[in-house]
Amino acid sequence: MAFMFDREQLLAKNYLFQSQFSRVEEVPSRYLQYSYQVDSGHTSQNMYEDLLLSLAHQTGRGAFPLHYIVEKNLPVDISVLCDYVDFLCSSFILCFCTRKGSFHNVTLPRTWLLKYFEIDAPYFNPTIRTNIFWHIPDCMTVLLEQLYTGAGADYLIYGVNRNMYNSPAIVRNLFIFRLVRAMCLLGCNTLNDALREKIRKAVARLGNFGRPHRLYSKFVYAANENWMALAKATRRSLEDDSADDMIQLLERTRMSASQAEGGICKIFYDRADDIRSLLRDRPVTSAETRPISQTEQAVPSAQQISQPVVQEEHLEETADEPDENDDQPTEALDMPEMTPPSPEEHAAALLIQNLYRSVMARRRGFAKDGIAGLKNHLYNTCMSVGLTGSYRYIFLGPLVSILTCVDYAKSECLALKNRTKKKLTNAESQEMEELDDLLSKTNRSGRALFDLEKSLQPTADVHVRRDVLELRKVVGRANEVLSDLPFQLTPELSEELAIGVRGILTMRAYRHKRKPKPDVRLDEGGFEYYD
């Protein structure tokens, strides 16, 4: 609210810095205090101050809070984090433009440019340092890996009681697309080859975890080629977006005739003050590339342009003229007769359809709800780690069953804890002791399950070392915790727990026994010996 309605007095009177929630004694220090070396003579020590000043366009240290959040896994909403990354990348680009006084050859989404020219432009400080934005590609490399695999992404909150660890893959892919596009736009609007190479390697690294999703597969495949291919894919990333389009600002005095490129709307301007009105007056068309100016008349839409132009006079003359063929009956077309399918053919088609759907469901892991969906998600996460050798059979088999039980039990403990707290508010004295005992046991089980999940997650150290003995100890402790929960496991989860315990705790080394050779008696008849 302060940034929107009273931004001029925001920093002068220290409205936000004097608020109660900014006091260190009321907010955990790990959310505020940190240390980053900015240059040879200054050290940034307050994340809260750097965050607010960067949002006010008064400092270039905005990349430090982002790096600190990802490094320390501070809980944050993933949508807010992606918005902040978009803000940092656009601030870095537009700071250079404001400093040199020209927006020539800037290529950004229309929404980014409108936000700058309508809201942020009067308060932008062009003297802020921009060399700190080198931290963005390094930070994005870690964040993209967490989003793709889901491992270690439980601090990225999404919705209510959900995070990027237990969210569907399509949700994580949407946020991966946003982060990749913002990082690539940063490289497209800078002429620093070293920064572009870091961005290209960060995007190409997504191909090491498996087949990229179609939302951002063009970025990954282009990054494996060269930077020019990645820049082209970035400029065409909004080609099919009906809500936004990619804008390239071109100054008339510095622009010569160039070939139109699909997916970009080129806007020619004479002065920087005209850009805001041009962005507002121009209709949103992702395929439009013709240059426009402020003095040009309104142009028809793409649908109107595609229709043939007919003169009004010709319409008036032909409106009352009857068609010579109106009274003539139309000849029937010779169409082959279509015979309906027989019951055998209909049954065969249904059988093929059901078999195809079942095969594709098993191949793609279509189970997304309930325990089957959770187990499938954990299996895909373990697959993305890429372990090989004999440990892989444990890693992708009984360990997935144990992780499924731990994850489900942890969520049930949290739900039971919330229900118990609500009952305590209206409970009588007789029920107080029972609810207190239940709440204490639920808290103990929740903490134990949290530690077990951290010890058994796909990227845990026990899996990196492939220590089977240590794994058996952890699984044994998990069996004890899951057997002493304040609630009963479902039959399906009990079966999964039995599979995991039987596969890890009672696992024995398999030794191939040779079959005994048959006894051959040489004293029987029918054998002849030759010297």
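**Figure 1. Pairing of strands S4 and S6 in the predicted model.** Strand S6 (residues 246-251) is joined to S4 by 4 bridges, and the two strands run antiparallel. The view is taken from a predicted model. Within this pair, Leu-108 stands opposite Ile-247 of S6. In general, the strands of a sheet pair through backbone hydrogen bonds, in either a parallel or an antiparallel manner.

**Figure 2. The open sheet S4-S6-S7.** The sheet is open and consists of 3 strands in the order S4-S6-S7, with mixed pairing. Strand S4 (106-109) and strand S7 (264-269) form the edges; each has a single partner strand, so one side of each lacks a neighbour in the sheet. From one strand to the next, the twist averages 30°. On the S7 side, S6 and S7 are joined by 6 bridges and run parallel. Here Leu-250 has Phe-268 of S7 as its bridge partner.

**Figure 3. Strand S7 and its two rows of side chains.** Is S7 enclosed by the rest of the structure or left open, and why? Of its 6 residues, 6 are buried, so S7 is largely enclosed by the rest of the structure. Ile-264, Lys-266 and Phe-268 point one way from the strand, while Cys-265, Ile-267 and Tyr-269 point the other way. The residues of both groups are buried. In a regular strand, side chains alternate between the two faces of the sheet.

**Figure 4. Helix H5 and the elements that cover it.** Helix H5 spans residues 110-120, and its buried residues are Arg-110, Trp-112, Leu-113, Leu-114, Tyr-116, Phe-117 and Asp-120. The cover over these buried residues includes strands S4, S6 and S7. Helices also contribute to this cover, including H4, helix H7 (169-188) and helix H11 (275-281). Residues three or four places apart in an α-helix point the same way, because the helix has 3.6 residues a turn.

**Figure 5. Phe-103 and the largest nonpolar core.** The largest nonpolar core contains 85 residues. Phe-103, Met-140, Leu-143, Leu-147, Leu-156 and Val-203 are the residues with the most contacts inside this core. Helix H4 (residues 78-100) supplies the largest share of the core, with 13 residues. When neighbours within four places in sequence are left aside, the contacts of Phe-103 include Leu-94, Cys-97 and Thr-98. Phe-103 is also in contact with Tyr-116, Phe-117, Leu-249, Tyr-269, Ala-272 and Ile-275. Another core, of 37 residues, lies apart from the largest one; among its members are Leu-452, Ala-460, Ala-478 and Leu-485.

Figure 6. Ser-237 lies in the loop between helix H10 (227-235) and S6. With a relative accessible area of 18%, Ser-237 is buried, because the cut-off for a buried residue is under 20%. The side chain of Ser-237 reaches the backbone oxygen of Thr-234 at 2.7 Å. Not counting residues up to four places away in sequence, Ser-237 touches Phe-177, Arg-181, Phe-219 and Met-246.

**Figure 7. Leu-493 and its surroundings.** Leu-493 is placed in helix H21 (residues 491-504). Its relative accessibility is 0%, so Leu-493 counts as buried. Which residues does Leu-493 contact, leaving aside neighbours within four places in sequence? Its contacts are Ile-371, Thr-404, Cys-405 and Tyr-408. The C-alpha atom of Leu-493 is separated by 8.5 Å from that of Ser-401, although these residues are 92 residues apart along the chain.

Figure 8. Most residues other than glycine have a negative phi. Asn-73 has a positive phi, near 55°. This residue, Asn-73, is found in the loop between helix H3 (63-72) and strand S3 (76-77), and at 34% relative accessibility it counts as partly exposed. Arg-466 likewise has a positive phi, near 55°. The loop that holds Arg-466 runs between helix H19 (461-465) and helix H20 (468-483). Arg-466 counts as partly exposed, at 35% relative accessibility.

How values were computed:
Residues numbered from 1 in each chain as written. Predicted model: local features only at pLDDT ≥ 70, side-chain atom pairs only at ≥ 80, totals over all residues. Heavy atoms only, no water. Core = buried A, V, L, I, M, F, W, Y, C linked by side-chain atoms within 4.5 Å. Buried < 20%, exposed > 50% of the residue type's maximum accessible area, 1.4 Å probe, protein only. Contact = heavy atoms within 4.5 Å. Pairing = 2+ DSSP bridges. Axes fitted to C-alpha atoms, helices over the stretch in contact; angles between N-to-C directions. Polar contact = N/O pair within 3.5 Å; in protein donor to acceptor, adjacent residues only side chain to side chain.
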